[in-house]
Amino acid sequence: MPDDVNASDLDPEVRRDLLTLDKANAEIVAKHLVMVARLLLEEPAVALEHARAARGRASRVGVVRETTGIAAYNAGEWQESATELRAARRITGNNALLPLIADCERGLGRPERAVEIARGDEGRALTGEEATEMRIVEAGARIDLGEPEKAVVTLQAENLKPGQVGTGPARLFYAYASALYASGRRDEAITWFMNAAAADIDDVTDAEFRLTELANDDTPVGNGEPDVDGVDVLADSAVSEVPAASEQAKPEAVTGEPVTAEPAPAETSPAPEPVADPEPVAAPEPVSVPEPIAAPEPVTAPERVASSEPADTDTIDSLEGTADLSATSSYIEEGSTGSQALVDRYDALLLDLDGTVFAGHQALPNAVDTLDRLDIPRFFVTNNASRRPAEVAAHLRELGFDATDDLVVTSAQSGARLLSEHLPPGSRALVIGTDGLAQEVREVGIGVTRSADDRPAAVIQGHSTDTGWAQLSEAALAIRAGALWVATNVDATLPSERGLLVGNGSMVAALRNATGKEPLVAGKPAAPLMADAIARAAANSPLVVGDRLDTDIEGAHAVGIESALVLTGVSTVTDLLAAPPEQRPTYVIDDLAGVFDEIDAVRVADQPGWTVSVEASTVTVSGSGDVIGLVPALAAATWAAVDAGTADPEELRIRAEGPARDKLASLGVTLVG
């Protein structure tokens, strides 16, 4: 112990935590804590030895266990860190430690457990900076699991308003940029790395380095793939506040640059060696005093290691949620049993409009009564960008629905938000669409033009019955001149009481063909609109209800939540049976009244009373089960055969007997035999 180390260097508040020790022991423990703060960044292994020594003398003091956990974290000892932090949490009740505990699970190669912690009751109860830190950790875990789009959506629940400065916004923007890059959305990632660099006044990230790197690398990126230099897109996500000497007035967070190299799996060792030449941790100023973590801040994310240690049995109680969203939604609490209505499983409905709630100027059967019966919030989520929320709400009220402006979420709003994220305030966008879309653009601080001669920085395209050759030609000129192109949606058709009309996606296809470019898409099935709806609903377990497999259902998959297909709109039973995995709903119901059906009866799965066999692409169904379970049973068996390669989705033929034949015929299914 150096001669200049004094127990009095420790913050008085932390020293009070040591009053349960005898005076001589408290003096020694305090000196070890001071040494941890001195050495944590420069010599983390030695700092950990001091922390262990303090723990050996004061294992029942929360701040000592917390300090040991943080020191172990910085030394790369993830198992020890998780154990110590959990012990500290039990002693102090400090849930702000949860993000760091979750990140330790990532370090141990268990990202699914990190997601469980983030989605559990205590993780979801975090607020403020702690909640942001947890979402950053969860986003990192999603990328670890090969789910970068879900990482993007996780972070979209946070305040991503550009123009903020400071460590918190810088790290959040950096994490969001990294998730976008991992999703293959390079251009958007560059914009957010720029936002991170502008916010990073304390140089806690390497955003400027990443921008330089991306500027010199034109190689297209895929989901989660590193670039040609092996640089990983994973954002740093760990959090902590650590002990240090009392020369400084307030405790500062230990921060470092987010990791930029994907560490290769390694054998567990006291000090894992870095791989792929990761960026060195930027050494911030020493923090001030050892005290319980109050507002977690990031430290460098752990190297991913394959741990040979047994799983830690000192686990957090009552973890809920799931990491595998391909099987079930991470927003849904696991373990529920017993009969319940479909709607009772969820805390909000995200409802499509055309083909789900109404068709043109007519409410669909049972829709008004069903929504009146709901005890949970419902939000109307529409790809149609031609009308503003007030107009949509007014139309809903005319049809008999109870609707207010704030319950309507439109692709025009999401498209305008995308523009605001990519363009500086005061930029100009060429609007192809209605005046309502133009007003949404103005309200995010972007100017509006209708001519390519005004050199717009972007083109935003939404549905309008007035769009023709002249408008599309203006857009083509601007896009070819380098303007950013945002499409509010890509629905090829638009349902009406007369049938299917030409939708915005068909107009987008014309511009795509004329320019050779691809737009950023705001609406379903892309994630932005669904993410905006989830954020508006403030829901933990929302259910998407819609009539289109290629927008509503695929959009639900994009953000990792469950969905119900209604058979009142565009997609048919035949479409359902041939659906690819990303367009398969969790449930199938005849119309909106089906949300009150028994949940297991409408789930896509084997259903009692129905027998389905598949031979050489011929699907045969018979039996006399509950009629609402017929289509879910048929879909489950057909998908299994298609996935096994024993049936061709393009050649499916349906044969039905008895009650099944009548039901399927009423749904417009062409039957054989």
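Visitor: Why does the largest cavity lie between domain 2 and domain 3?
Guide: Both domain 2 (350-383 + 528-596) and domain 3 (408-523) give residues to its lining, so the cavity lies between them. The domain bounds come from an automatic or database domain assignment.

Visitor: What am I looking at, before we go on?
Guide: This is a predicted model; local features need pLDDT of at least 70, side-chain atom pairs count only at pLDDT 80 or more, and totals for chains, interfaces and linings use all residues. Residues are numbered from 1 along each chain as its sequence is written, and side-chain values use heavy atoms, with hydrogens and water left out.

Visitor: How much space lies in the largest cavity?
Guide: About 160 Å³. A cavity here is a set of points, on a 1 Å grid over the protein atoms alone, where a 1.4 Å probe fits but cannot get out; lining residues have an atom within 4 Å of a point. Grid points are joined across faces, edges and corners, and the volume is the space filled by probe spheres set on the points.

Visitor: Which residues are closest to its centre?
Guide: D354, N383, N384, D491 and L494, out of 18 lining residues. The lining divides into 2 nonpolar, 9 polar and 7 charged. Asp, Glu, Lys and Arg count as charged; Ala, Val, Leu, Ile, Met, Phe, Trp, Tyr, Cys and Pro as nonpolar; the others, Gly among them, as polar.

Visitor: Which element gives the most to that lining?
Guide: β12, with 3 residues. Strands are DSSP runs of E, at least two residues; helices are H or I, at least four; both are numbered from the N terminus.

Visitor: Switching to packing. How many residues has the largest nonpolar core?
Guide: It has 51, and L342, L350, V357, F380 and L396 have the most contacts inside it. Helix α20 (residues 527-537) gives the most, with 7 residues. A nonpolar core is a set of buried Ala, Val, Leu, Ile, Met, Phe, Trp, Tyr and Cys residues joined through side-chain atoms within 4.5 Å.

Visitor: What about S617?
Guide: S617 is buried, at 7%. Its phi is positive too, near 70°.

Terms used
Buried means under 20% relative accessible area, exposed over 50%, partly exposed in between (1.4 Å probe, protein chains only). On a 1 Å grid over the protein atoms alone, a cavity is a set of points where a 1.4 Å probe fits but cannot get out, and a pocket is an open set with protein on both sides within 12 Å along at least five of seven lines; lining residues have an atom within 4 Å of a point.
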